[in-house]
Amino acid sequence: MMDGHEVTVVDNFFTGRKRNVEHWIGHENFELINHDVVEPLYIEVDQIYHLASPASPPNYMYNPIKTLKTNTIGTLNMLGLAKRVGARLLLASTSEVYGDPEVHPQSEDYWGHVNPIGPRACYDEGKRVAETMCYAYMKQEGVEVRVARIFNTFGPRMHMNDGRVVSNFILQALQGEPLTVYGSGSQTRAFQYVSDLVNGLVALMNSNVSSPVNLGNPEEHTILEFAQLIKNLVGSRSEIQFLSEAQDDPQKRKPDIKKAKLMLGWEPVVPLEEGLNKAIHYFRKELEYQANNQYIPKPKPARIKKGRTRHN
């Protein structure tokens, strides 16, 4: 919008919130449509960033059929829109297409190791078939597609209770609760700050690269290291609590970003601690906001039964 583009945001607020975009409402280049991509959409656009889908395990496991519909029917609808209006579509795919990988780090030519009937399959396989649909539409209908395989991302405006590792740890540390680690904590993740991801998505959309591209930070940390880091940044005295391992939880996760560097001139630039401090600051403000805006129902006045009065 700052570059003069008109932006239409389409959201059904299944996991999103109006508060995240309310500062743009009223801007001449901004429009917000409350719509579910599972239903066809008829608008005129040049570019489509197809970001729709629950993305945290508790959200996509809560309603796996809805997650599948968003990633299949929703993707078909967005590809149909792209075909009708001659738009370019960027699919927000995921590192989860690699499953629990047997190759490390993960490069775009790795086909993955995914359980098609596990609890995470609605998301993993939903995104895999969404990629398949993109390339079917490109081959058969000539639709221009871009596919970003997004690795763990965090930053301000995340939903505090979305169940992802970053938001879990920050919230638990701020509230003085135990930081819950599933399994031994030796499983690894690579975390990128949201502004780095956005720059990568825009660079990919405006590039000539039609094959999938990893967007992530190759700086790898164990979950246990990450819990300790957040605890220290918050200045929390929380204990670290170990819980039983989650089913099909990937043991290793690290992107190979040679392709993004070479073809997009992109790599993450925000240091992990700097990004975490921004996220922690946001979560502190959110907790204050919630504390100050809690709805406390007023006691209802006692009802006094009166004798019936006849009105003429």
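## An arginine with a positive phi

R157 counts as partly exposed because its relative accessibility is 42%, where partly exposed lies between buried, under 20% relative accessible area, and exposed, over 50% (1.4 Å probe, protein chains only). R157 is found in the loop between β6 (153-154) and α4 (165-174), and although R157 is not a glycine, its phi is positive, at about 75 degrees.

This is a predicted model, in which local features need pLDDT of at least 70 and side-chain atom pairs count only at pLDDT 80 or more, while totals for chains, interfaces and linings use all residues. Residues are numbered from 1 along each chain as its sequence is written, and side-chain values use heavy atoms, with hydrogens and water left out.

## Other backbone features

Most residues other than glycine have a negative phi, and most peptide bonds are trans. F13, in the loop between β1 (7-11) and β2 (30-34), has a positive phi near 60 degrees. The peptide bond from H104 to P105 is cis, with omega near -10 degrees, and P105 lies in the loop between β4 (88-94) and α3 (121-141). Helices (H or I, at least four residues) and strands (E, at least two) are DSSP runs, numbered from the N terminus.

## Nonpolar cores

A nonpolar core is a set of buried Ala, Val, Leu, Ile, Met, Phe, Trp, Tyr and Cys residues joined through side-chain atoms within 4.5 Å. The largest has 25 residues, and those with the most contacts inside it are F154, F169, F226, I230 and L276. At least two residues of this core come from each of α4, β7 (179-182), α6 (223-234) and α8 (272-292).

Leaving aside residues up to four places away in sequence, F169 is in contact (heavy atoms within 4.5 Å) with residues including L179, V181, F226 and I230. A second, separate core of 17 residues includes L41, L81, V143 and V147.
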